[in-house]
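Please look over the structure shown here before reading on. The paragraphs after it describe how some of its parts meet.

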Amino acid sequence: MNDDLLPHITLTLGHLYPDQLNLYGDRGNILTLQRRCQFRGIELRVVELGIGDALAPDEYDMLFIGGGQDKEQAPVAQDLLDIKSIGLWAAIEDDIPVLAVCGGYQLLAHYYRPADGPDMRGLGVFDAWTIHKGAQEPRCTGDIAINWNGNTLVGFENHGGRTYLGTAKPLGKVLKGHGNNSEDHTEGAVYRNSFGTYMHGSLLPKNPHFADHFIALALARTYGRRDDPFTFLTPLDDTLEWEAHAFILERLGLYNAAADALRTYTDVGTILHIPKNQVSLRVNETL
Amino acid sequence: MSEQKPPHFTNREARKRSVSNSTESQMPANHSSKTPSNQHAFKGRQRISLRAGLAVMGGRAAGALSRRLHLGGGTSIAGMVAQRLYPDIVGHLSTQLAHGSVLVTGTNGKTTTSGLIAAILNDAGLRVWRNREGSNLMQGVAGALVIRARPDGNLRRAGQAISIFEVDEAVMPQAVQILPPRAAIFTNLFRDQLDRFGEVETISMRWHQAIDLLPENATLVLNADDPGTAHLSDFFHGQVVFFGIDDSSFDLANEGLAIESHQVIDTRTCPHCGGEYVYSIQYYSHLGHYICSQCRRERPKADVRAVKIVAESIDRLRIQIETRTQQGEIVIPLAGFYNVYNALAAIATSQALGINWEPIVSGIEQFKPAFGRGERVHVEGRTLRLLLAKNPTGFNEVLRTLFSDGIRRYVLFVLNDNTADGQDISWIWDVDFERTTHHLATLTVAGTRAFDLALRLKHAGLEQEAMTIVASAPLRALKVAHESKVRNTRQHRPARNKEAIRNTHMIELDDSITNHRTTKTYGISHALDTAIRQTPSGETLFVIPTYTGLLEIHRELEHRGLTPRYWEERGP
């Protein structure tokens with residue numbers, strides 16, 4: 001592709017609380033977004049937003065919040081409510097794609113109720129709440145695969161709290177694993193372009209289609225009215241990504257889904273390198 | 001079965017006896033001053049107990065059976081059976097040790113630290129009993145005692161004996177309760193096996209419980225540089241010995257490498273006030289000289305300190321030591337800066353046990369690394385060096401050791417996610433693989449999660465063509481192989497199937513995706529061959545496996561007759 005013909009495209013990612021919420025390889029998610037943008041000539045700047053830093057919604061094209069230890073979540077929750085709540089709400093209502101993993105997901109729901117001690121208030125972006133029943137209740141730990149708009153997402157989950165959805169739309173249906181609460185087969189939550197999920201491992205490296213979807217959402221929002229974002233999402237060689245993806249599916253006994261996933265990267269026909277049915281409606285509307 | 005038979009029990013008995021006789025005879029008058037002086041409550045107490053005898057016999061029978069069936073060394077099973085028959089077997093046997101016991105715990109460095117202490121005490125003329133590395137849960141500890149006990153329920157030759165047990169972080173409270181130690185060593189606290197422990201904080205809480213149970217006449221040995229262990233002294237009223245490094249030339253800031261900012265910090269805030277720690281010197285991760293930004297509590301002064309460290313070669317560290325009573329120089333024959341901490345912990349413990357300086361120096365300088373901790377194996381004209389890396393900080397430090405002098409290395413990574421490794425491998429994304437990119441001669445990636453690691457390396461900037469990926473057999477293929485094996489051999493020896501499948505490393509796969517038959521190679525044996533083939537003769541191949549990867553490599557080397565079976569390895 002001729003670089004001169006491409007307009008210079010820059011995206012800015014706000015990484016919230018990188019020092020406090022970094023327990024489960026969250027660097028993998030950031031790296032994946034960076035690499036997948038870089039391979040397509042898109043410059044992705046990462047801005048770290050720690051405790052005390054203000055969040056100006058118009059400065060970011062995407063936001064990421066990771067997971068951390070309970071002990072470190074309390075000051076983060078405080079900061080989220082005191083300092084970042086207005087900016088974050090504005091960003092979310094303005095359709096900025098937000099990915100919140102594990103602890104970050106819990107913080108974006110209504111509240112987190114620990115086994116002992118007072119409730120920890122969240123932002124209430126997702127109509128959902130989390131209850132930790134105490135040490136006697138086993139943690140939800142292990143590989144997980146979900147159905148997301150007809151495609152699989154794979155990851156690893158490790159959480160003590162159970163999340164229950166109110167009116168929030170789940171991210172997907174659990175195929176194998178625990179998901180939100182190991183009762184209702186839901187995993188994660190979606191509100192506008194915000195995604196909350198328990199899946200790490202890291203999530204984005206092994207789910208390139210989801211990573212691309214996330215990038216596409218940001219491109220559509222920021223550049224959508226001037227350019228077709230999908231022309232920039234040129235296919236990449238995702239052999240390793242899909243092999244790793246399929247490995248988890250195979251391990252979970254989902255052999256057909258694994259074969260589908262492996263077929264994805266040999267499927268040369270699609271421009272997006274991902275099956276068509278997962279291009280979300282949201283993006284199409286914006287176009 | 002081509003491998004050699006386990007040696008006869010009587011042979012091992014005889015060998016052990018001859019060794020122990022020689023150490024005893026080597027103990028003339030000048031050695032007696034080196035043996036611990038504070039024997040206080042630890043006089044060997046022997047008493048006949050029918051129940052203990054039964055437990056010992058049951059455990060040893062189970063262990064012998066396990067060895068005979070080639071299931072393993074049989075110490076853990078011996079301990080498990082004995083504990084089932086007599087739950088207090090550990091307490092019963094441990095009180096007979098003339099010099100008591102020492103417990104070593106922490107995320108990294110347990111095996112090397114306890115190995116170093118054992119080498120020092122051995123040189124000081126004591127008979128040292130250890131649990132085998134990996135058997136660090138209570139049944140492993142019990143097993144280590146049971147296999148040295150007589151059928152009357154008493155220990156053999158308990159006089160002059162001291163036991164050094166490495167104990168899993170999470171079982172430390174039980175261990176302290178059942179086996180009151182003379183010294184308890186906490187090496188460091190990093191994130192490890194989060195799927196098992198939940199969070200780093202969980203371990204911290206278990207350790208508080210352990211300290212509460214620690215008898216006051218015991219000595220607590222703590223890493224002053226790790227705020228996660230140093231603050232444990234607040235919960236203990238007995239003697240505390242701190243060890244630490246006082247050499248600012250190893251500060252990360254001095255390395256001047258931007259990538260060093262990617263450190264995995266696991267203790268960030270002060271447990272007293274929640275304030276953030278600020279560092280004047282940071283060695284790696286959260287280890288260094290710190291002070292709380294709010295309550296101003298700072299790193300305790302180290303009693304045993306390394307004031308100057310010179311890395312003479314990859315596995316020769318010359319350190320200048322200062323303790324309250326002694327100054328001196330010691331050469332640590334091990335690879336990796338982190339081994340300075342292990343050596344300091346061993347020195348601090350030995351001094352607390354009343355050991356003189358000479359055996360400390362000789363014990364450390366002549367130390368032979370344990371399996372997977374940097375020891376050498378010679379294979380087809382190449383040297384294999386195995387460096388276990390099981391969590392982000394451990395991995396980062398191994399990479400720092402190998403890739404800081406600009407020499408291109410031949411490397412084999414093995415990443416497994418079995419239960420003993422921790423099933424969550426997200427942590428590989430926290431490891432600084434970026435520093436390897438321009439320093440790799442050849443690279444082979446293997447293990448159950450080879451693709452995940454390859455993906456991580458790809459994101460670190462490595463070309464996919466630059467690595468050879470040898471995955472474990474995919475489950476699909478395993479399933480097919482298993483089914484055909486079961487069908488063919490059901491009448492005969494179904495027990496062998498597992499082994500047969502594990503050793504299958506050429507699998508013909510009817511590839512439904514590309515619609516043509518391909519023969520793919522899988523498995524650790526093939527990975528090792530590939531890596532060795534890529535390494536020129538005379539060069540060194542660095543093998544960096546996770547825990548079960550290390551066991552697989554070991555099993556593979558055993559099959560090739562290059563290393564002894566691990567339970568035949570004789571510790572110091």
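The account below moves from a pair of helices to a pair of domains and then to a pair of chains.

The model is a predicted one. In chain A, helix H1 spans residues 27–38 and helix H5 spans residues 208–223; their axes come within 10 Å and cross at roughly 70°. Because angles of 65 to 115 degrees count as roughly perpendicular, H1(A) is roughly perpendicular to H5(A). On the side of H1(A), the residues that take part are A:Thr32, A:Leu33, A:Arg36 and A:Cys37, and they meet A:Ala211, A:Asp212 and A:Ile215 in H5(A). Four of the residues in this contact are nonpolar, one is polar and two are charged.

Chain B is assigned two domains: domain 1 comprises 9–237 + 339–361, and domain 2 comprises 373–472 + 523–568. Where they touch, domain 1 of chain B contributes 13 residues and domain 2 of chain B contributes twelve residues. On the side of domain 1, helix H6 (110–123) and helix H9 (194–197) of chain B are the elements that give two or more residues. H9(B) gives the most, with three residues. By class, this side of domain 1 holds two nonpolar, six polar and five charged residues.

The two chains also touch each other, with 27 residues from chain B and 34 residues from chain A in the contact. On the side of chain B, at least two residues each come from H9, helix H10 (200–213), helix H16 (450–459) and helix H17 (475–489). H16(B) provides the largest share, six residues. The side of chain B that touches chain A is made up of eleven nonpolar, seven polar and nine charged residues.

How values were computed
Residues are numbered from 1 along each chain as its sequence is written. Chains are lettered from A and ligands numbered from 1 in the order in which they are written. This is a predicted model: local features need pLDDT of at least 70, side-chain atom pairs count only at pLDDT 80 or more; totals for chains, interfaces and linings use all residues. Axes are lines fitted to C-alpha atoms, for helices over the stretch in contact, and angles run from 0 to 180 degrees between N-to-C directions. Helices (H or I, at least four residues) and strands (E, at least two) are DSSP runs, numbered from the N terminus. Angles under 35 degrees count as roughly parallel, over 145 as roughly antiparallel, 65 to 115 as roughly perpendicular and the rest as oblique. Two residues are in contact if their C-beta atoms, placed from the backbone, lie within 7 Å. Ala, Val, Leu, Ile, Met, Phe, Trp, Tyr, Cys and Pro count as nonpolar, Asp, Glu, Lys and Arg as charged, and the others, Gly among them, as polar. Domain bounds come from an automatic or database domain assignment.
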